[in-house]
Amino acid sequence: MGCGHWTGKGSTQWASSGGIRCRLFTGWQDAGQWQFGQYGPSLGHGRRKRAEATPGWPKRGKEIAFAELTGPVHIVNLATGKEIQRLEGFSGRIVYVAFSPAERTIATASVRDKAIRLWDVATGKVIRELKGHEQGVWAIAFSPDGKTLASGGGLEVDSTLRLWDVATGREIRRVSPHSLGVTALAFSRDGSLLASSGGSGSIRVWNTATGAEVSPRAQPHSWILTTKYSPDGRLLVLGSKQGVIYLWDTRTRTLLREFGNEPGGVPRVAFSPDGKILASGSGEGAIRLWAVATGKLVGQLEGHRSWVFLSISPAGKLLASAGQDGTLRLWDLATGKEIRQIPGPHGELHEVVFSPDGKTLASASGELQKRGQNSAARIFDVATGRLIRRWEKPQAWLVEALAFTPDGRFLAAGGFKGPIVIWDVVTGKESRRLISDPAASWNITYALAFSADGKTLASANLDFRPDRRPLGGRLPSASLWEMATGKERGRFEGHRADVNSVAFAPDGRTLVSGSGDTTDVTGLQSQEGTEAGSTSATRNGCWRDLAGEDAAKAFKATWALTATPRETLALIRERLRPVSPVDFPRLEGLVKDLDSDRYATRERATRELEKLGELAEPALRSALNRQPSLETRQRLESLLQKLDPIRDPESLRSLRAIEVLEHIGSAEAQTLLQQLARGAPEARLTQEAKASCVRLLNRPVNVK
């Protein structure tokens, strides 16, 4: 049975077990148990039922109403356990039953009927039906005077809260409070206020006379489609399906302002590099420009006819827009004039992003209704509009998520069905594939985002697992992927609706995910991690974990070491040294020995070159390009394959240690990075340390 209410003066409560028995409690003492066997065999098979006790009225409180899954509704005398009335004629699942305060009328709500029925308790006849909801009604409540009935739609299609005049059946007022439907309603004692709760877990309070919200919202309760941090990380903007844009202060976590009323929602937002202008796409094709400081509209770009996605160039001069109308356009951000349309055909476009240097533009396309037609990622030259490269997305029906690595070398793509694919932009070759849940029957990747250091890729996933019943087998999540290994670093599964967007804070310590159940801000450095690096023994364990194959365990170790900077800096200074320059004459001699006539010489050269690791890579690739003999080619290819960090624990540990130093980011950490950056130029450790120094130097001053 689904619900219980206090009756009388609050001294008695009902409860049930298994759906066929009912217990009553006086205070917390068991007052008896009844099994309603007189209802017939249908109650003896564990069928689900819903019950509603007469509301708290001291004169009566003697009846209780039980609804079977699809009817009928039984009204039972609590003292005798006998049925006194039966309400029949339902065509769908009954989800709520409520007595009027006078107890002469009972209201029922069901899914398929899309209507609320008012019944005469004495006769069992329908008095009237309240029609207007587009989908099932999941919550109803009478006002204390019995003159008004509140109802709530339980699905995204109809998540409205409505007030009805009980005497006439006329709809009095309507609001849309919760993106995931209304799950419960309750009037205040004087009937002036109405509280509603939603599928997202939010609670809101309304003035019944005016329909105005009384309690301020602690967070937006809209279906979030897109999230974006300002360049300095001080602001977080959210675009919603309801067309409202929310601007948050990330330091105080307070909502600064709401603006916009975009028809069809806000599928994408983008900040100008100086953070002063915010561009937003819309469901009806218009692009609007807003002053971040005031929330005022300062410009509008028109040309698209449907949902439009957008990106602002790193220099802040250009805006690129991609529409589901199949057009890809470039605009002058200062004047608002269209510069050119990039020729297609493109098919339906679902994403557009500038490369970090602003010289190229990537687009994502595909047509779901045609099961993959035009499903591709493309790169165009910004200056000429020329198509540079085109990739088909393996197994996908459409590509709808793209992200460049911060250095522009790789492009990640995801979409409807199929894995996330990482492509090398220079060579056009596939680098690796990432699969969020190998056991899923199919999946969707809604969004992708790289951390500022390019070491981690975040993805917004929706996996379908028929064997998992929560949410009907739909498993929304946000994943973190290690680019060096292609393995999952972590997964967040708190959302109860599709995760539509992900964004890293500029300092990489926080990930924000936007969903149909609002927004979640996750600190990647947890308290658990802080404790894990608090002693010498645990720090040594974390140092071992940095070299391990378990990416999730290594990621926790990274943040655990970050949490104890003084001790960790001493540890890294002791164990990680700049890479010594390579002896080039010796290196050339070893490469030459790979083609020696003596087998022992070839074996010795192979072992020595393997020890040199990435220091030998330039020489090995140069030798491979000189068309060597078959055996030499095989040895060269084998040595190059072993350079992959997956196969080299020490390289992995070095890369992850650089991450730790960058996360610490103090003057002492930067000094240590500068020392490591003076090593052999060919070494990956040297290159990563140099890149980290540059990022820390360019990090906005407000990012801590």
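**Reading the salt bridges**

Q: How many salt bridges does a search of the whole structure find?

A: The search finds 31 salt bridges, each being a side-chain nitrogen of Lys or Arg within 4 Å of a carboxyl oxygen of Asp or Glu. This is a predicted model, in which local features need pLDDT of at least 70 and side-chain atom pairs count only at pLDDT 80 or more, while totals for chains, interfaces and linings use all residues. Residues are numbered from 1 along each chain as its sequence is written, and side-chain values use heavy atoms, leaving out hydrogens and water.

Q: Which parts do Glu688 and Lys455 tie together?

A: Helices (H or I, at least four residues) and strands (E, at least two) are DSSP runs, numbered from the N terminus. The Glu688 and Lys455 side chains form a salt bridge, 3.7 Å from N to O. Glu688 is in helix 11 (residues 684-698) and Lys455 in the loop between strand 40 (442-450) and strand 41 (456-464), so the pair joins parts 233 residues apart in sequence.

Q: Is Lys455 buried or exposed?

A: Buried means under 20% relative accessible area, exposed over 50%, and partly exposed in between (1.4 Å probe, protein chains only). Lys455, at 11% relative accessibility, counts as buried.

Q: What does Arg695 pair with?

A: Arg695 forms a salt bridge with Glu662, with the closest N and O atoms 2.9 Å apart. Arg695 belongs to helix 11 and Glu662 to helix 9 (residues 649-664), so this pair links parts 33 residues apart in sequence. Glu662 is buried, at 5% relative accessible area.

Q: Which residues are linked in a network of salt bridges?

A: The network links Asp463, Glu488, Arg491 and Glu493. Arg491 bridges to Glu493, their closest N and O atoms being 3.9 Å apart. Arg491 is partly exposed at 24% relative accessibility, and Glu493 is partly exposed at 48%.
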